[in-house]
Amino acid sequence: MSVPRFSVIVPAYRVQAYLDECLESVLTQSFTDVEVIAVDDRSPDFCGEIIDAAAARDPRLTAVHLSANVGLGRARNAGLERATGDYVLFLDGDDTLVPGALQAIADRLAATAAPDVLVYDYARAYWDGRHARNVRADLLAERDPQVFRLAERPELLRLLMVVWNKAYRRDFVAAQGLSFPPGYYEDTPWTYPALLSAERIAVLDRVCVHYRQRRSGNILGTPGEQHLDVFEQYDRVFAFLAARRLERWRPVLFVRMVDHLTTIFNKGERVPRHKRAEFFRRARALYVRYGAAAGAEDGVRARGDAGGAVRAGHGVRARTRHLLVRLGTRRAFQLLGATGRLLSRTRDLAARAVRRARAGCGLLYYRLQLRLPLDPHLAVFAAYWYRGYSCNPAALEARARELVPGLATAWIARPAYAHTVPPGVRVLRPGSRACHRALARATYLVNNVNFPQDVVKRRGQIHVQTHHGTPLKKMGLDLADHPAGAAGMDFAALMTRVDRWDYSLSANRHSTLAWSRAYPAEHTTLEYGYPRNDALAGPPLAPSARAGLRARLGIPEGATAVLYAPTHRDYLPGHVPALDLGALARALRERGAHVVLLARAHYFHDAAPAGAPPAGVLDVTAHPSLTELCLASDALLTDYSSVMFDYALLGRPIVIHAADWEAYRLARGTYFDLTAEPPGRVCRTAGEIADAFATGAHAAPAAAAQLAAFRRRFCPYDDGHAAERVVRHVFLGEAGRPPVPGPGGVARGVPGVLPRPAGSAVVRSE
């Protein structure tokens with residue numbers, strides 16, 4: 001077997017939302033002479049399974065599963081032990097390689113005659129879609145000499161000292177005995193020795209890595225005592241200098257060390273409050289220990305040209321910080337940082353005060369209500385921007401009233417939809433004083449979309465985001481690259497609303513992974529099934545009840561009722577119907593098919609059409625319950641609406657109208673190719689749809705097999721008891737999870753609190 005040119009090592013721990021994209025960014029490179037070694041560092045989420053799935057798809061990927069969580073450095077070591085390539089690259093599981101990166105790296109290695117280390121550039125990829133190239137990209141200029149030692153270009157030490165922006169010749173790594181130590185900041189005692197030991201270094205002036213800037217879940221951004229590991233890491237660096245007789249580099253590395261330590265200390269979210277005094281004492285101890293040997297007089301005076309290159313950019317504030325570390329005056333150091341933060345906070349408070357002043361009397365009343373205690377027995381529900389009683393919140397509200405003693409429920413609905421709210425549930429008009437009071441004082445707030453931006457998340461208040469369907473189309477932050485779908489979305493404001501969530505509901509693993517990527521925040525995901533589907537997954541309607549429902553809807557006796565429920569097109573101006581239903585109904589009659597079309601418009605286009613519907617078409621847009629429409633119908637015709645995931649539970653035929661699939665997927669973005677993995681027959685034209693229903697092809701064995709596979713994938717937990725599980729977990733504090741999916745893919749078992757098998761369905765979103 002030939003040796004691959006590159007070994008790319010990918011450690012994975014709690015990066016389920018990003019890992020598949022990371023691995024695909026390597027495996028889909030135009031340069032294919034690569035092996036990928038993905039190391040599951042005993043991650044408690046789905047990382048291991050994602051790695052296994054990728055390995056099954058591509059033999060170039062080797063899956064490594066560690067028996068215990070050992071940390072990022074040792075996980076990389078485990079991958080390094082299995083590497084066979086000429087060069088080793090490291091890529092963190094939430095970052096990605098830019099298309100064409102491996103080819104550019106390979107070309108540069110060839111042009112520079114196989115250096116020991118090649119340094120390339122990166123760009124920060126922010127959660128709101130922005131990309132920003134490394135601000136010190138100028139240091140990577142490809143000038144003569146093209147291959148050099150660090151002493152010839154010491155300014156490279158001003159780059160971010162990370163392992164993943166370099167390619168290392170594997171023979172060089174082995175000869176130098178390079179390996180990662182345990183603990184945080186493990187890149188430090190690898191990167192400095194690698195650069196200092198290399199006889200031949202080259203640079204590539206090209207962005208090769210997108211360095212993801214996560215909103216939450218980043219290891220180095222997580223507070224903890226582990227941040228004190230940095231002191232041992234620098235002890236290792238200076239021990240390396242002593243062992244290799246590289247004393248001339250002490251002044252340079254001393255400056256970089258003090259810069260690094262002060263940066264960590266100033267990141268208030270990193271070092272816990274009770275450890276900050278210890279951190280500063282240890283920083284001063286390192287200053288004294290290595291500063292004297294480095295000949296540093298004021299913390300920034302390093303000797304020689306190398307020191308000058310590293311000092312570039314050191315202003316008065318940096319010099320002051322170094323001096324305060326040297327003197328050990330922590331309070332003065334903190335005061336210096338607090339001054340800058342105070343100025344920034346003052347500006348923020350002033351801007352916030354202006355916004356509040358403009359909010360009006362209603363919000364003033366709301367603010368006053370926020371000062372009063374929470375009502376532990378009040379729960380407020382809403383759905384679809386106050387369009388009435390429906391979806392997952394409605395199912396939860398009904399079950400909560402049954403199961404939670406003393407609970408009072410209220411529903412926010414516009415006046416036009418107030419009639420949909422059942423008796424016993426208080427109706428709140430949006431913007432009213434009663435609504436403001438309830439939002440301020442309810443302990444539970446449940447919605448399938450976000451509450452308005454002005455709603456404050458109070459301590460002790462519990463927000464439940466139920467969502468309103470399994471996602472086919474891209475959502476949330478995943479729309480950053482799809483402006484037609486984003487429609488000017490303010491991603492920062494969106495994530496402020498997402499930060500209020502305590503729970504996010506999911507019907508399947510596909511949704512869990514999509515939500516954790518689209519809405520990254522520190523909420524708990526309940527992969528329990530969808531409450532709104534309990535009626536679809538439970539016992540079937542009695543024949544008499546179904547007949548009565550069909551009669552009320554006006555479905556002729558003996559007719560095949562096809563529910564037509566299309567989705568919205570973001571890329572089209574206004575509402576352009578995708579199908580001429582009158583023509584379709586006429587074509588069906590001409591083929592002898594006794595079919596009636598139940599037309600259900602998307603809620604963005606729920607205004608009643610002008611005139612009477614065509615023959616063979618019933619307009620059911622105003623019907624308050626989509627669930628009842630599903631139960632009454634015999635088949636579903638849709639394009640890309642999430643109703644298909646719910647309807648699959650009925651086991652009735654589904655036909656997909658995909659006339660504009662390519663345009664829709666390009667404009668909106670989708671999480672998978674529906675035409676390749678459909679829940680039934682896929683039709684491109686109205687003629688194909690008519691033929692499918694007229695000939696019975698919509699219910700043929702091949703279509704039924706597709707539906708069964710679709711149901712296994714997307715409906716594993718829908719057993720009729722999802723609402724009860726959620727209510728018991730959220731309102732009653734009884735942690736539970738769905739039954740294990742049965743052979744048909746749909747869960748079966750005793751409702752309520754159930755034993756938790758291995759692999760918890762309650763996961764933290766990253």
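Reader: What makes the pairing of Asp86 with Arg5 a salt bridge?

Author: This is a predicted model, and in it the closest N and O atoms of Asp86 and Arg5 are 3.4 Å apart. The cut-off for a side-chain nitrogen of Lys or Arg and a carboxyl oxygen of Asp or Glu is within 4 Å, so the pair of Asp86 and Arg5 at 3.4 Å counts as a salt bridge. The pair links distant parts of the chain, since Asp86 sits in the loop between helix H3 (72-81) and strand E4 (87-90) while Arg5 belongs to the segment before strand E1 (6-12), 81 residues apart.

Reader: Why is Asp86 called partly exposed?

Author: Buried means under 20% relative accessible area and exposed means over 50%; Asp86 has a relative accessibility of 32%, which lies in between, and therefore counts as partly exposed.

Reader: How many salt bridges does the structure hold, and which residues are linked in a network of them?

Author: The structure holds 37 salt bridges, and a network of them links Arg399, Glu402, Glu724, Arg728 and Glu734.

Reader: Why is Lys275 called buried?

Author: Lys275 has a relative accessibility of 17%, and because buried means under 20%, the term applies to Lys275. The residue is found in the loop between helix H8 (250-266) and helix H9 (276-294). Leaving aside residues up to four places away in sequence, Lys275 touches Glu225 and Leu228; the C-alpha atoms of Lys275 and Glu225 are separated by 7.1 Å, although the two residues are 50 residues apart along the chain.

Reader: What makes the approach of the Lys275 side chain to that of Glu278 a polar contact?

Author: The distance between the two side chains in this contact is 2.9 Å, and the limit for a pair of N or O atoms is within 3.5 Å, so on distance the pair of Lys275 and Glu278 meets the cut-off.

Reader: How do you know that Thr191 is buried, and what does Thr191 touch?

Author: Thr191, which lies in helix H6, has a relative accessible area of 0%, and this value is under 20%, so Thr191 is buried. Not counting residues up to four places away in sequence, Thr191 touches Met161, Val162, Val163 and Lys166.

Reader: Which residues have the most contacts inside the largest nonpolar core?

Author: They are Phe6, Ile105, Trp190 and Leu253, in a core of 104 residues, whose largest share, eight residues, comes from H8. Among the residues that Ile105 touches, beyond those up to four places away in sequence, are Phe6, Leu89 and Leu118. Apart from this core lies another, of 43 residues, including Ala400, Val421, Met495 and Tyr519.

Definitions and conventions. Residues numbered from 1 in each chain as written. Predicted model: local features only at pLDDT ≥ 70, side-chain atom pairs only at ≥ 80, totals over all residues. Heavy atoms only, no water. Helix = DSSP H or I, 4+ residues; strand = E, 2+ residues; numbered from the N terminus. Buried < 20%, exposed > 50% of the residue type's maximum accessible area, 1.4 Å probe, protein only. Contact = heavy atoms within 4.5 Å. Polar contact = N/O pair within 3.5 Å; in protein donor to acceptor, adjacent residues only side chain to side chain. Core = buried A, V, L, I, M, F, W, Y, C linked by side-chain atoms within 4.5 Å.
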